[in-house]
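Thanks, everyone. Let me put the chain on the screen, and then we'll walk through a few of its elements.

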Amino acid sequence: MANPTQPNVGFIPPNPDRQSPNPEKSPIPPPPSFAATPRFPPPKLHLQQDQASPHSTKTPNPANGVTTGSLVPHLSTPPGPPVFTSPVRPAAVPFRSSPASPQPLAFSSAPSLPTSSPPQYSNGSFELQPQVSESIEDRVPVGESSFVLFSAHKVLKQKKQANVPSLGFGALVSPGREVSMGPQVIQRDPHRCQSCGAYANIYCNILLGSGQWQCVICRKLNGSDAEYIAHSKEDLQRFPELASPMVDYIQTGNKRPGFVPVSDSRMSAPVVLVIDECLDEPHLHHLQSSLHAFVDSLPPTTRLGIVLYGRTVSVYDFSEESVASADVLPGDKSPSQESLKALIYGTGIYLSPMHASLTVAHSIFSSLRPYKLNIPEASRDRCLGTAVEVALAIIQGPSAADLSRGVVKRPGGNSRIIVCAGGPNTYGPGSVPHSFSHPNYPYMEKTALKWMENLGREAHRHNTVVDILCAGTCPVRVPILHPLAKASGGVLVLHDDFGEAFGVNLQRASARSAGSHGLLELRTSDDILITQVVGPGEESHVDTHETFKNDTALYIQMLSVEETQSFSLSMETKGDIKSDFVFFQFAIQYSNVYQADVSRVITVRLPTVDSISGYLESVQDEVAAVLIAKRTLLRAKNHSDAIDMRATIDERIKDIALKFGSQLPKSKLHCFPKEISLLPELLFHLRRGPLLGSIIGHEDERSVMRNLFLNASFDLSLRMVAPRCLMHREGGTFEELPAYDLAMQSDTAVVLDHGTDVFIWLGAELGAEEGKSAAALAACRTLAEELTEFRFPAPRILAFKEGSSQARYFVSRLIPAHKDPPYEQEARFPQLRSLTSEQRTKLKSSFVHFDDPSFCEWMRSLKVVPPQPS
């Protein structure tokens, strides 16, 4: 790895056939039409540690999202819109709500063995039996969730066509995603290919007489210890791995010596709050309210620790019930082993279950006092680094080496340190000077970055996640704090204040379940090359060649295993594909909160096609847009890069139209392919929205949003790229509309969900009617809360009236379509047809002129004809 401490790291897969040591000298040249260097960069192999049916329908159908309670696989898409208190009226426009209704993946029969090199069967009277029924697509019910989403449900056979980098091919993998109906659970060791290490699965051909099975990845024959011997293929359905595309193998026996697995009900993972005590009175008042609500929300078995930091570190003792008592350590240097030993072996109780210490916790929070000295917020001494070191020591407790006998019990899953910060780390290890003009600032910043990353890695080694929740108006210097959260598997979130959104995120940060020791294995057919991985992990060099001689899997060490994360994979074909199918297998190994070792195996089969139109019909616009966005944001490290990346979006649109579209007769204009008509609008939102646009002013905010997006799940990523617009209607219902400024009709209220922010806009006419306005606002707020009930980080919810200064946040995120001619407006926003001429005139006159191009104007400026709405 070029630089293993940095997030955007290039790495070489373990298979030398898969990538050359130098990405610039890739063994797969770009298509001839890209002989000249393209204006937008082709994907390179990176790992970002910033933290799956051939149908023409354009929803992100899963190729593998399976939740089964029976022997029949269940397929699904990401969850649809929530059940609203007020029912949502279906959109009256040709605009797909997102995610839309799922479609089941059609499984065709498994391919037969290649005739060129028939295997030597142990019993020639039996044939290999495909495990996928020919009619299975007719009886596959739709499940609830999906773990892998592909950008297309088919793969082009021709390498030149398949590897056009402007569109690309890839998948989003959500390893920690939970479902209400879990996958098939198997409490035994899996059958694995002795050559490449792949797992037996639903697509394997089985030799019924001997029980041998053929690996779908390397095509080698393997034994099953006679387990798969059967009279017919129907008899094999009793094996979950041969009946479902996704299974979980569970091993409850703990192989770590000195460990006793403890159930979640007896000992839950501890949570330590590390709180900034350098806050002014208004901020402290809000923080105290949030902290009181937080401890009231904790389960009775949760063990809590409380640490305060300023110039010193105060560790609160729960053994004192009548008064808030703390042990104090200096903050100018890392705590010594002697001081930590005195603390841990002393009489104080620093981690206590909530059922025994709730009253004490409330008294500690009530005792907090505002900062008294007359020093600017940014200049106050804060020893955040030392405080996290102390919190980590409290969680570790006495090490096994310090105990003369007995075993050490460890909680299941990851412990959590949650830092509540109101300013930068300016004192002690990992700190930077108060002033940027300090003569030694660049060196001290570099040293602090390295120290913080090492502290984060140390926390990760001890299964502790560090989340940093910042709030207030003082800049916290995100670049210094982010390596600590990132390296530990945590997140850094910015808030306007310590109020409602901060309090909700405090609760959700502690409540989100996390596995530990996560390892992601990626295996594909020989025709497929993985060129880039973006997500919360880092390359892991796992030597499996003593067990599996030809293991070409790509291994990724996951920093934590959580529902809110995903990995985006970019892929190419190595050459022209001869087979009818290609296979993908994803194996996630991790320890869950009960200390059980889980191996989740997901196997996907995609058909290959020669027809470009057939391929384009299978492209999932939304998944493709999110993958493109993640590849683009990976390179947009600062504002200057973001401006450059906007140009690459333009080049992508032009190149897709050139390669896959048609040219107008007697014209230089190209028509964008109608099969992927939603893609350019999604990319237009990306180009002008907060991720690449100029909506966000401060670089700290941009950095936090970028890192959150690169690691986020598909659902949150899609919302961060393109907002969802819902208009309030009479009777408390909501109508989903395209996110165009034509939705700003003065007699209505509109909810705009943009992932990290939810806006409620009240029209001026509606606002003038007090009763209607209050009812609409209440309905909108309820909807906003239901839309984001399980989202982490929880978004801020802002409500404002038409014409107010805050309304600019709302207007800037909508596509400006008011300048388009009426026929184009009606084609893309059919709700306009329901307005009277007087209402349309009033709507038109309400817009203020500005220079931002509409979607159609932008497409024409690229010499591309906008696609008609699907």
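Start with strand β31, residues 670-671. Two bridges join β31 to β37, and the two run parallel. Strands here are DSSP runs of E, at least two residues, and helices are runs of H or I, at least four residues, numbered from the N terminus. Two strands pair if DSSP finds at least two bridges between them. Opposite Val 864 in β37 stands His 670.

Before going on, the ground rules. This is a predicted model: local features need pLDDT of at least 70, side-chain atom pairs count only at pLDDT 80 or more, and totals for chains, interfaces and linings use all residues. Residues are numbered from 1 along each chain as its sequence is written, and side-chain values use heavy atoms, with hydrogens and water left out.

Back to the sheet. Three strands make it up, in the order β30-β31-β37; it is open, with mixed pairing. At its edges stand β30 (662-663) and β37 (864-865), each with a single partner strand, so one side of each has no neighbour in the sheet.

Now the whole chain. It has 20 helices and 37 strands. Of its 870 residues, 58% count as buried. Buried means under 20% relative accessible area, exposed over 50%, and partly exposed in between, with a 1.4 Å probe and protein chains only.

Next, strand β7, residues 169-173.

Who pairs with β7? Strand β5 (residues 148-150) does, antiparallel, over three bridges. Strand β27 (residues 567-573) does too, antiparallel, over five bridges. Look at Ala 171. Its bridge partners are Phe 150 and, in β27, Leu 569.

Last, a helix pair. The axes of α10 (residues 621-635) and α12 (residues 679-688) come within 9 Å and cross at roughly 35°. Axes are lines fitted to C-alpha atoms, for helices over the stretch in contact, and angles run from 0 to 180 degrees between N-to-C directions. Contact means heavy atoms within 4.5 Å. From α10, the contact residues include Ala 625, Ile 628 and Leu 633; from α12 they are Leu 679, Leu 682, Leu 683 and Leu 686.
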